[in-house]
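Dear colleague,

Please find the structure below. My notes on its contents follow directly after it.

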Amino acid sequence: MNETETYPRIDFRNGARGVMTWVEVHGTEPVPSSLEILRPARDLADLLGTQVTSVLIGQGVSDRAADVIAHGADRVVVVEDPRLAEYLVLPYARVFTELIERSRPEIALFGATTSGRELAPRIASRVRAGVTADCTHLKVGDFFWKRRKAIMYPCLEAIRPSYGESKLATIVGFWCPQMATARPGAFSALPKDLSRHGVIEDFVPTFEPGDFAVEILETVRAEAGGESLFSAEIIVTGGRPCGELDEFRLVRELVDELKRRGVAAEWGASRQAVDAGYAPHERQIGQTGKTVRPKIYVAVAISGAVQHLAGMKESGKVIAINKDPGAGMFRSSDIGLVGDYRDVLPVLIDRVRSGFAFGLPATTASPVLAAEARR
Amino acid sequence: MRLKVASLMKQVPLPSEMRTGADGLMDRTTARSTINHDCTFALESALEVKDRVPDAELIVVSMGPPSFEQSLRKAISLGFDRACLLSDRRLGGSDTFATGLALATFLLKLGFDRELQEPFLVFAGRQTSDGDTAHVPSQVAEVLGIPQATFAQEVDYRDDHVIVRRIIEGGHQTLRVPLPCLISVAPTARAARRPSIKGMMRAKNAAIETWNLDQIGLDASRVGLDGSPTIVAKTLSMARTRPEVTLIEGSVGEMVDRLVVALQGEI
């Protein structure tokens with residue numbers, strides 16, 4: 001007999017029930033990460049025998065509620081307000097605070113976007129809840145709490161890579177709601193099922209004047225935010241040296257050449273390269289960036305920190321190019337080329353010109369992609 | 001009224017020295033350490049305010065063991081007026097919620113209190129390299145009850161407000177944030193300046209103001225493991241799912257040839 005079986009089992013939720021999610025929108029369009037978190041939300045709710053309530057805030061967003069239900073929600077709470085057309089942390093935190101106090105969910109999930117990563121902790125401190133950042137797996141389980149000599153259940157097991165070593169940390173907590181953010185791409189959205197039924201309700205929160213203290217002067221959303229990284233069949237990601245030595249010229253040239261051959265190729269960057277200003281944030285692959293699963297992943301001059309691995313380890317074939325044979329990235333790769341990328345990439349680019357497509361199915365060059373690549 | 005500017009700063013282990021202890025928490029006892037990378041940008045943001053408002057009082061604020069003194073002195077050498085450290089063994093095991101509460105309580109004690117109706121600014125780094133959550137700045141702002149802007153790339157101080165350029169997915173946003181407020185700075189902002197000779201001399205003799213929980217009036221039950229709504233249940237080594245790597249060495253032409261062969265018929 002397991003020794004912990006003699007300890008009392010405590011349902012710590014104290015009546016809190018249900019899973020809440022935030023549907024982040026750009027304009028009126030839900031962002032992919034918001035639909036993705038509906039998958040773990042649905043799974044957790046089914047395991048716990050409860051419902052998923054999604055919160056949709058903005059201007060002219062009501063029409064989207066049906067889509068949110070089709071992607072897995074049971075209930076959508078819509079907050080329509082012209083002042084909320086663009087995300088602002090304070091009024092959005094107010095909406096969640098009121099909804100959490102009213103409906104007392106046991107779990108609340110957010111996409112780990114630049115907005116979700118500040119909104120979730122702000123709410124957590126206000127409603128006295130725990131929040132775990134950048135989760136890759138979300139499960140339900142029991143936890144034997146040594147300090148209280150009790151088995152706590154049903155816990156949200158929020159799993160995230162921990163720093164410095166190749167470890168996954170499981171975080172639990174007994175204050176409701178148990179909150180977590182999940183990285184874009186860490187989960188895949190459920191297929192849209194228009195036969196699903198759900199409840200849509202409007203909600204009017206009570207704002208305080210201070211909630212609108214911050215004013216948005218300008219919003220510039222130049223590109224879709226690197227979404228094509230999620231559909232790419234091959235991703236070539238450069239580390240900081242690719243920025244320092246040639247400003248990603250060779251990495252992008254390889255990708256452009258693949259695109260010209262009709263291959264769905266994209267380029268990414270390590271966090272170090274992004275932080276040094278060589279690539280935009282939306283191209284960052286890794287724990288605090290995007291999680292990608294292309295068929296071929298080419299890591300160019302990347303050391304292989306665990307945060308980076310967290311964002312690409314489910315890729316098909318991994319090819320690493322590094323001049324240091326001891327680079328950690330090689331240990332997480334299938335094929336390693338030991339050499340300076342400035343020597344290797346030009347030869348690779350030549351091979352692609354003469355028909356090599358990394359073993360990806362030969363496609364006739366798409367004129368559209370080719371035109372895009374030439375731009 | 002003298003403008004007060006705080007910069008939150010954490011000292012972190014060098015990346016090469018990180019280990020997890022048997023309890024699943026970070027073992028910081030043996031690692032050599034440095035100022036957290038993102039925090040250096042927050043220091044610079046505060047120094048730039050002082051360039052504009054020479055009368056401003058710059059305070060570097062940290063929470064951690066006495067060994068953080070080396071980084072606090074570094075901040076003094078850059079031009080900070082005071083260095084304040086919250087140090088108490090009972091803070092051990094604090095998660096981001098409890099850390100936010102402790103730092104905010106410390107800031108209130110140091111006069112960063114909106115009830116006083118005096119202008120102030122708090123800067124923080126986007127996130128730390130060891131915790132990697134980016135939670136603490138938002139949680140400090142919430143406890144202080146002040147507006148925030150995170151992922152800031154540019155911060156322009158304008159008397160009673162700041163204009164902040166914030167990174168968002170696929171672009172950026174310009175915000176007008178009234179004082180008092182907290183700004184967390186991304187590492188694409190301006191990098192920290194170098195210390196001056198005069199600054200280094202001053203740093204040598206500067207007093208590091210060290211406070212404990214009793215001195216800031218925070219009950220020990222509200223921090224540490226007792227005050228933290230999250231705990232590390234377990235850590236697991238990531239399972240290795242890939243076969244051993246095939247390392248290819250030689251001339252570039254040979255390497256690429258072998259890569260081409262290796263990928264044939266693979267996909």
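R221(A) stands opposite G171(B), a residue of strand β9(B). This is part of the antiparallel pairing of strand β14 (residues 215-221) of chain A with β9(B), over six bridges. Here two strands pair if DSSP finds at least two bridges between them; strands (E, at least two residues) and helices (H or I, at least four) are DSSP runs, numbered from the N terminus.

The model is predicted: local features need pLDDT of at least 70 and side-chain atom pairs count only at pLDDT 80 or more, while totals for chains, interfaces and linings use all residues. Residues are numbered from 1 along each chain as its sequence is written, and chains are lettered from A and ligands numbered from 1 in the order in which they are written.

Within chain B, β9(B) also pairs with β8(B), in the antiparallel sense and over eight bridges. V162(B) has V177(B) in β9(B) as its bridge partner. Two residues lie between β8(B) and β9(B) in their hairpin, and G170(B) in the turn has a positive phi of about 75°.

On β7(B), the pairing with β8(B) is antiparallel over six bridges, and E154(B) stands opposite R165(B) in β8(B). The hairpin of β7(B) and β8(B) has two residues between the strands, and D159(B) takes a positive phi near 60° there.

How many of the eight residues of β8(B) are buried? Six are, and the strand is mostly covered; a residue is buried if 20 or more other C-beta atoms, placed from the backbone, lie within 10 Å of its own.

Yours sincerely

How values were computed:
A residue is buried if 20 or more other C-beta atoms lie within 10 Å of its own, exposed if 12 or fewer, and partly exposed in between; C-beta atoms are placed from the backbone.
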